[in-house]
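Here are a few exercises to work through with the model open beside you. Try each task before you read its solution.

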Amino acid sequence: MAGHSKWANIQHRKGRQDAARSKLFSKFSKEITVAAKMGDPDPDKNPRLRLAVKEARANSMPKDNIDRAIKKAQGGDAEDYQEVRYEGYGPNGIAIIVEAMTDNRNRTASNIRSTFSKRGGNLGETGSVAFMFDRKGQIVYPAAAGSEDEVMEAAIEAGAEDVESDEETHVIWTADGDLAEVAGALEAALGEAEHAKLVWRPQTTTELDLDSAQSLMRLIEALEEDDDVQSVTANFEVSDEVMAQL
């Protein structure tokens, strides 16, 4: 199993530092409503909904908001959202995957294309960069959850594929179809995780200097500001020195 992953840390720290709480809650509400509408409204019987609720709770989303999002799906008055993936390149040729939920594909596509263009990127065709990533389950625990050996042992027992630990976090990777099962087994062994979700994991990464990283982060942040965008992933990494300045 692999060691330190700066890419995973960038994703995790950025999520933790997201100050736009209401916008974050809106994204969680949308995912919860769609998950409940597509499957059983009981999280115990719907793995996707269970993971969505877990992620919302990990980000301190109030229980009332979660319950409201589930009831919205049951009431039949939820918007008819479609899940859409956009792929493209940012500054320095960095590959980017954007996942969105929208009730108007034309509006979302136009907005995403415009954001790429304004921030030095290019929107590509579907499949143009996805082959550079693997779809994986990602479970994140704080370092306090246990020693590297303890977490490694628990992850192996739970059926995880990979573990990456550093001084702040343990990042546990699973096959995409095993995420709910592994997350449940780890919760029994280690307690509740900070995050448990499906992500796009880059097969390789490109290291960026400060200027390039700042340009890329401006594009990513602009994409994340779009109300239809649920997640943005890019295949880059930075040194500790650049990370500190970001």
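**Exercise 1.** Find how Asp103 and Arg107 meet, and say which network they belong to.

*Solution.* Step 1: the side chains of Asp103 and Arg107 meet in a salt bridge, 3.0 Å from N to O; the term asks for a side-chain nitrogen of Lys or Arg within 4 Å of a carboxyl oxygen of Asp or Glu. Before going on, note that this is a predicted model, where local features need pLDDT of at least 70 and side-chain atom pairs count only at pLDDT 80 or more, while totals for chains, interfaces and linings use all residues. Residues are numbered from 1 along each chain as its sequence is written, and side-chain values use heavy atoms, with hydrogens and water left out.

Step 2: check the cover, with buried meaning under 20% relative accessible area, exposed over 50% and partly exposed in between (1.4 Å probe, protein chains only). Asp103 is partly exposed at 43%, and Arg107 is partly exposed at 34%.

Step 3: widen the view, and a network of salt bridges links Lys30, Asp103, Arg107 and Asp228. A search of the whole structure gives 13 salt bridges.

**Exercise 2.** Work out which parts of the chain Glu161 and Lys136 tie together.

*Solution.* Step 1: Glu161 and Lys136 form a salt bridge, with 2.7 Å between the closest N and O atoms. Step 2: Glu161 lies in the loop between α6 and β5 (162–165) and Lys136 in strand β4, so the pair ties together parts that are 25 residues apart in sequence. Helices (H or I, at least four residues) and strands (E, at least two) are DSSP runs, numbered from the N terminus. Step 3: Glu161 is partly exposed at 39% relative accessibility, whereas Lys136 is buried at 17%.

**Exercise 3.** Decide whether Arg85 and Glu87 are buried, partly exposed or exposed.

*Solution.* Step 1: Arg85 forms a salt bridge with Glu87, the closest N and O atoms being 2.9 Å apart. Step 2: Arg85 has a relative accessible area of 30%, so Arg85 is partly exposed. Step 3: Glu87 has a value of 1%, so Glu87 is buried.

**Exercise 4.** Place Tyr141 in the fold and list some of the residues that Tyr141 touches.

*Solution.* Step 1: Tyr141 is found in strand β4 (residues 133–142). Step 2: at 1% relative accessibility, Tyr141 counts as buried. Step 3: not counting residues up to four places away in sequence, Tyr141 touches residues including Glu168, His170, Leu186 and Gly191, where contact means heavy atoms within 4.5 Å. Step 4: Tyr141 and Gly191 are 50 residues apart in sequence and 9.0 Å apart in space, C-alpha to C-alpha.
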